[in-house]
Amino acid sequence: MTAPKSPRVVVIGAGPAGLRAVEVLARAGLRPVLVDEASRPGGQIYRQPPAGAERPPEALYGLEAGKARALHALPAELGAAIDYRPGTLAWAIEDTGIDLLGPKGFERLDFDRLILATGAMDRVLPFPGWTLPGVFTLGAAQIALKAQGMAIGARVALVGAGPLLPLIVHQYRKAGATVVAALDVTPFGAKVAALPGLLNEPVTLAKGLWYTARNAMAGLSIRSGVAAVAVQGRDRVEALVWRDAKGREHRVACDAVGASFGLRSEAQLADLAKLDFVFEPVTRQWIPRRDPAGRSSRADVYLAGDGAGIGGADAAELQGARAALALLEDIGRPVEAARVAALDARLARQARFRAALERAYPFPAHLVDAIADDEILCRCEGITAGTVRAAARDREAGEMNRLKALTRLGMGRCQGRVCGQAAAEVLARALDRDVATVGRLRGNPPVKPIPIREALT
């Protein structure tokens with residue numbers, strides 16, 4: 001009697017969640033396919049430099065060097081037990097097939113089970129001067145250090161609304177860059193109020209306090225409660241102007257600015273897989289619905305990591321392992337109950353910590369209220385906030401996809417990944433409604449640009 005055929009399991013994303021998922025699956029006797037857009041494993045948080053430009057992990061990841069080193073080594077350790085496909089973009093999903101573009105060109109990959117571990121990107125809110133050359137997101141500023149070994153400028157100002165800010169300030173300072181301003185647009189009092197919940201993960205809290213203290217010792221105290229920011233310059237960044245909580249205006253000369261306002265889940269592939277979405281009111285974004293084990297609304301699709309709700313790298317590792325165990329349970333493979341219980345307990349603690357972190361860094365609604373009519377929202381199509389407000393007022397654009405049809409917002413190269421959430425906030429305010437009621441932009445393939453010439457040959 002022949003043994004039953006193992007299902008083809010595909011994991012998309014080689015960050016902390018995806019790597020832990022394939023580890024669990026491979027050690028259980030499956031041979032998962034690991035698809036990742038990057039050429040080397042690690043995801044965004046543990047991004048590696050190009051081959052030949054390596055630097056010690058301690059210089060790149062600081063206190064997280066051990067975790068980064070362990071994750072980076074996993075694909076090589078697992079070897080032939082996984083089908084690892086780096087440098088491969090998953091650009092569409094239809095039914096049980098994934099469209100890929102990799103080193104050998106276009107390919108269709110069928111799956112029996114799928115784990116989406118697609119990660120997150122910076123949340124962008126427009127402010128005066130944000131389209132000038134020399135303005136980057138905080139994530140891009142961090143990637144420049146990790147992947148290229150360079151700062152985004154000689155005199156850098158950093159602005160944020162999340163725990164990534166003190167880390168990047170520390171990383172830039174340690175790399176020898178001159179940080180001329182470090183600004184937090186959320187209030188300091190929120191962090192004090194959230195402290196009891198942050199104690200759910202004392203080690204993580206201690207790391208954050210350590211980064212903050214090291215920055216302060218170097219004369220780089222982060223200013224909290226910043227009310228407004230603006231970049232000045234003619235053809236490039238020349239200065240950053242900001243207004244503090246007391247209304248006082250400040251100006252500092254700089255040649256680069258890193259600014260982003262939290263993270264947003266990369267959920268386009270989940271949308272193309274026709275998963276159910278729910279609105280998450282704390283982070284003010286739509287995310288694919290999943291249960292605590294990582295099961296989605298589709299019986300053959302699982303979710304892990306920041307692509308289905310922002311949780312951070314530590315939670316992503318746990319979620320990747322938990323989703324893989326759920327998959328094994330669902331296909332009838334034996335799973336240790338004690339291991340599942342331990343993971344569930346750790347994930348519950350992480351969830352409490354993350355809820356406190358979101359309270360510590362609340363959504364900066366005051367920046368949305370300050371967006372002027374002539375400010376660009378959608379860079380790809382040149383759509384301003386005023387155009388969105390006019391569409392709401394004069395053309396009955398009461399929902400995001402109606403707005404897209406009327407204005408072309410979200411039809412450019414980024415498919416609304418950069419502008420969609422900010423546009424929803426502006427539209428909701430123009431309609432005097434809650435942002436959840438205006439919905440979200442529907443996903444369309446390709447989720448990222450692909451070369452048409454190759455697609456047609």
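## Helix α6 and its neighbours

The buried residues of α6 pack against β11 (178–184), α7 (202–217) and α10 (337–360). Here buried means under 20% relative accessible area, exposed means over 50%, and partly exposed lies in between (1.4 Å probe, protein chains only). Helices (H or I, at least four residues) and strands (E, at least two) are DSSP runs, numbered from the N terminus.

This is a predicted model, where local features need pLDDT of at least 70, side-chain atom pairs count only at pLDDT 80 or more, and totals for chains, interfaces and linings use all residues. Residues are numbered from 1 along each chain as its sequence is written, and side-chain values use heavy atoms, leaving out hydrogens and water.

Which residues of α6 (residues 188–198) are buried? They are Ala 190, Lys 191, Ala 194, Gly 197 and Leu 198. Looking down the axis of α6, these buried residues fall within an arc of 90 degrees (taken from the directions from the helix axis to the C-beta atoms), so they line one face of the helix. On the other side of α6, you will find Phe 188, Ala 193 and Pro 196 exposed.

## Domains

The domain assignment, which is automatic or from a database, gives the protein chain domain 1 (9–121 + 264–335), domain 2 (126–260) and domain 3 (371–431). The centres of domain 1 and domain 3, taken over C-alpha atoms, are separated by 31 Å. Six residues of domain 1 are in contact (heavy atoms within 4.5 Å) with five residues of domain 3.
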